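Please open the model in your viewer with the sequence panel alongside, and keep the selection tool at hand. The stops below say what to select next and what is to be found there.

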Amino acid sequence: MSKEMNKLELITVKYDIAITLFLSLIIGIIFSFDVAVVFTLGSFISLINYLLLIYFTKKALSGNKITVIISSILRIIIVAVMIIPFANNFKLVIAYVLGITLHYIVLIYCTITQKGSA
């Protein structure tokens, strides 16, 4: 990949970890430790999902396109399976979904603020 894409990946990971830890601290203080842990879990699952997407996309660009389809299915299953242990608690499900959503907000922010070659 190009240097700009590698830089975007690194910046996204750094911002995602920093913002997740900060918001987890705030959530832990305001709500509870359980909600903060589930929020952090959702954010880190989303980050791992993002890194797997990058890895499999690089593999697909080198020739094996079926890996993108298989990896997409596996990544969706991972996100869905991780919610099962706390699916009966609405507050924890919301915290998990907000953690996942946080990653995409950070990704959009990093993409918009990154200077491109255009």
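Predicted model: local features only at pLDDT ≥ 70, side-chain atom pairs only at ≥ 80, totals over all residues.

Residues are numbered from 1 along each chain as its sequence is written, and side-chain values use heavy atoms, with hydrogens and water left out.

**The whole chain**

Zoom out and colour by secondary structure: the chain has four helices and zero strands, where helices (H or I, at least four residues) and strands (E, at least two) are DSSP runs, numbered from the N terminus. Read from the N terminus on, the order of elements is α-α-α-α. The C-alpha trace spans about 45 × 30 × 15 Å along its principal axes. Of the 118 residues, 32% count as buried, a term that means under 20% relative accessible area, with exposed meaning over 50% and partly exposed in between (1.4 Å probe, protein chains only). Among contacts with a separation of 6 or more, 71% are made by residues 24 or more positions apart; contact here means heavy atoms within 4.5 Å.

**Helix α1 and its buried glutamate**

Select α1 and check the distance between its end C-alpha atoms: the 28 residues should span 40 Å at 1.5 Å a residue, and the ends are 40 Å apart, which agrees. The expected span is 1.5 Å times one less than the number of residues. Now show the buried residues of α1, which are L8, E9, T12, V13, D16, T20, S24 and I27; what covers them includes α2 and α4.

Centre on E9, which sits in α1 (residues 3-30). Although E9 is buried, it has no salt bridge, and the nearest side chain of opposite charge, K58, is 4.2 Å away. A salt bridge requires a side-chain nitrogen of Lys or Arg within 4 Å of a carboxyl oxygen of Asp or Glu; Lys and Arg count as positive and Asp and Glu as negative, while His and the chain ends are not counted. Not counting residues up to four places away in sequence, E9 touches Y50, L51, I54 and K58.

**Helix α2 and the cores**

Select residues 33-61, which form α2: its 29 residues should span 42 Å at 1.5 Å a residue, and its end C-alpha atoms are 42 Å apart, in agreement. Within α2, pick S46, which counts as buried at 3% relative accessibility. Leaving aside neighbours within four places in sequence, S46 is in contact with I100, H103 and Y104.

Next, show V38 and Y96, which touch the most other members of the 15-residue largest nonpolar core. Such a core is a set of buried Ala, Val, Leu, Ile, Met, Phe, Trp, Tyr and Cys residues joined through side-chain atoms within 4.5 Å. Leaving aside its neighbours within four places in sequence, V38 is in contact with F86, L92, A95 and Y96. A second, separate core of five residues includes V13, L47, I54 and L107.

**Aromatic pairs**

Rings of Phe, Tyr and Trp (its six-membered ring) pair if their centres lie within 6.5 Å, and planes under 30 degrees apart count as stacked, over 60 as edge-to-face and the rest as tilted. By this rule there are three aromatic pairs. Select Y15 and Y109, whose ring centres are 6.1 Å apart with planes at 25°, so the pair is stacked. Because Y15 lies in α1 and Y109 in α4, this pair ties together parts that are 94 residues apart in sequence. Y15 is partly exposed, with a relative accessible area of 37%, and Y109 is also partly exposed, at 45%.

Move on to Y55 and F56: their ring centres are 5.2 Å apart and their planes stand at 75°, so the pair is edge-to-face. Y55 is partly exposed, with a relative accessible area of 42%, and F56 counts as partly exposed at 24%.

**Last stop**

Finish at T113 in α4, which counts as partly exposed at 44% relative accessibility. From T113, draw a C-alpha to C-alpha distance to I69: the two are 44 residues apart in sequence and 30 Å apart in space.
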